[in-house]
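Q: Could you take me on a close look at the sheet in this model, and at what surrounds it? I would enjoy one connected walk through that part.

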Amino acid sequence: MKGFRNICFIHSQNDSYEVCYLKQFFKWIGFSYLTYTPGSVGIGMDILRKPENQGFDIVVSLNQVAQRKDPTIADVFGNKFLDLDVLNGQSEEELLEQLIDKIGGAVLGEYSQNLLKQLANIYTTNRLVVGLYEYTIILMETVGESLFEKVRKSMQDAISQLEDLLGQVQQENGNGNSMIEYLLYAKFSCQRRINELWQIKRWMPEYPISKMLEDLEEIYQYDRGFYRVEFLKAKVAEQGLMYNVYAKSYYHKGINACEVELCRSYLFYQLGKWLDNNKQIYTSGQAYYRAYECNPTNIKAIFKLVVDAMQKKRKGLERQYLKLLIENWEATKEMKSNLPLMELEYAYKAYMLLDDLDRTSMQDKRYYSEAEEILKFTRELYLKEDKNYFIRRLYEEEDIKGVCTAIASRMDINCREIKGGGATE
């Protein structure tokens, strides 16, 4: 379906998990996306009024948070702007179905809407949100076998179900306008994730890199403008030593084809990581700055600019970016149980690095003490029984303690590596 490629979610911190759940679904089927909390890092709603950011196909305001901040913002996007109310006791699965119903009325025909619901059923039945959430994979080496096996099985089962659905759709529609591109993208997303799991184990890829890169081209048969394919090609290419070099050009193609400046931010960030990993430090800093320029609420890009400034011994810039992170944390820490888990790590590292930069004496623990509070909170998260906590909504009970331990361990080790000029991921 041409011209249905990107989505924006505007939300409060209260709804961080709901947005994570919705976002991962659309990311899985090939959408570029933005999740935006009004006022995040001091950035107001005017960022969505810029002409370069008005190309979203769908803009979703959860619980009318956008209209409360800017009563006329809906007029900017017309029928692309949707309200989505999160009802008390409503499950995330029901919320996703509700959103698809609303999108169907605004964009899709009945057949495409039903197919999107079938994709949503595969996503929810297999709890794909767990394995698609990037931080899960980052923590996987130290969390334990139980979570590894759950993610592997969920991806493998989803692939089997997607192949059945693909066969059914192709039989019904041939090569007609039947959203096959989204089914294919979802299938290849699962294959890429399984290969990432295999990399953690130092195993050979389950799905050969050369064949995946070739297979991904099939998506263009259905939509020549489906630029998110280039992102997936880049991530697949990075999994093979012989193909890694091509990832850079794939990222550039995706950036050039992306229609929304805010969405380019994520692609520039990923390009920066590739440049970092390939020892192109000067140009990686440029890519991270472009990621920040495109979306000044991109916390990941801001942290990378901290590390870049540190490596180049530009203490003024390092301090400037660290204070952005800390000011953002100060504004949100009362909701820390609802925040995406990686934000805890960024806050901890920001305080520790600013402590290293600005401590005036052994007794000066203003930043260090705050970092210790975040670390203590993270270590003890598994003891909290509130089922509304982000971590409890994402992971099963038996995995939560391992996840908390892995995050806390990573916070400390990764921060020391950064100070020593080592890893930044």
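A: Happy to. Two strands count as paired here if DSSP finds at least two bridges between them. Please keep in mind that this is a predicted model.

With that rule, there is an open sheet of 4 strands, in the order β2-β1-β3-β4, and the pairing is parallel. The edges are taken by β2 (32–36) and β4 (81–84); each has a single partner strand, so one side of each is left without a neighbour in the sheet. On average, neighbouring strands of this sheet are turned by 20° against each other, direction ignored.

Let us step to β1 and β3. Strand β1 covers residues 6–10 and strand β3 covers residues 58–62; the two run parallel and are joined by 4 bridges. If you want a place to start on your screen, pick F9, whose bridge partner in β3 is V60. Helix α1 (residues 16–28) packs on this sheet and touches β1, β2, β3 and β4. The direction of helix α1 makes about 180° with that of β1.

Now stay with β3 and look at S61, which is found in that strand. S61 is buried, and its relative accessible area is 0%. Leaving aside residues up to four places away in sequence, S61 touches I10, A66, Q67, F81, L82, D83 and L84. There is also a polar atom of the S61 side chain 3.4 Å from the backbone nitrogen of V65.

F4 is buried, with a relative accessible area of 1%. The structure holds 25 aromatic pairs, and F4 and Y182 form one that is edge-to-face, at 6.1 Å centre to centre with 65° between the planes.

Because F226 lies in the loop between α10 (209–216) and α11 (228–237) while Y182 lies in helix α9, the pair ties together parts that are 44 residues apart in sequence. F226 counts as buried, at 1% relative accessibility.

A search of the whole structure finds 0 disulfides. A disulfide would need two cysteine sulfur atoms within 2.5 Å. For C20, the closest cysteine sulfur is in C8, 16 Å away, so the two are too far apart for a bond. C20 counts as buried, at 5% relative accessibility. The sulfur of C190 has its closest cysteine sulfur in C20, at 16 Å, which is again too far for a bond. C190 counts as buried, at 0% relative accessibility.

Terms used
Residues numbered from 1 in each chain as written. Predicted model: local features only at pLDDT ≥ 70, side-chain atom pairs only at ≥ 80, totals over all residues. Heavy atoms only, no water. Axes fitted to C-alpha atoms, helices over the stretch in contact; angles between N-to-C directions. Contact = heavy atoms within 4.5 Å. Buried < 20%, exposed > 50% of the residue type's maximum accessible area, 1.4 Å probe, protein only. Polar contact = N/O pair within 3.5 Å; in protein donor to acceptor, adjacent residues only side chain to side chain. Phe/Tyr/Trp six-rings, centres within 6.5 Å; stacked < 30°, edge-to-face > 60°.
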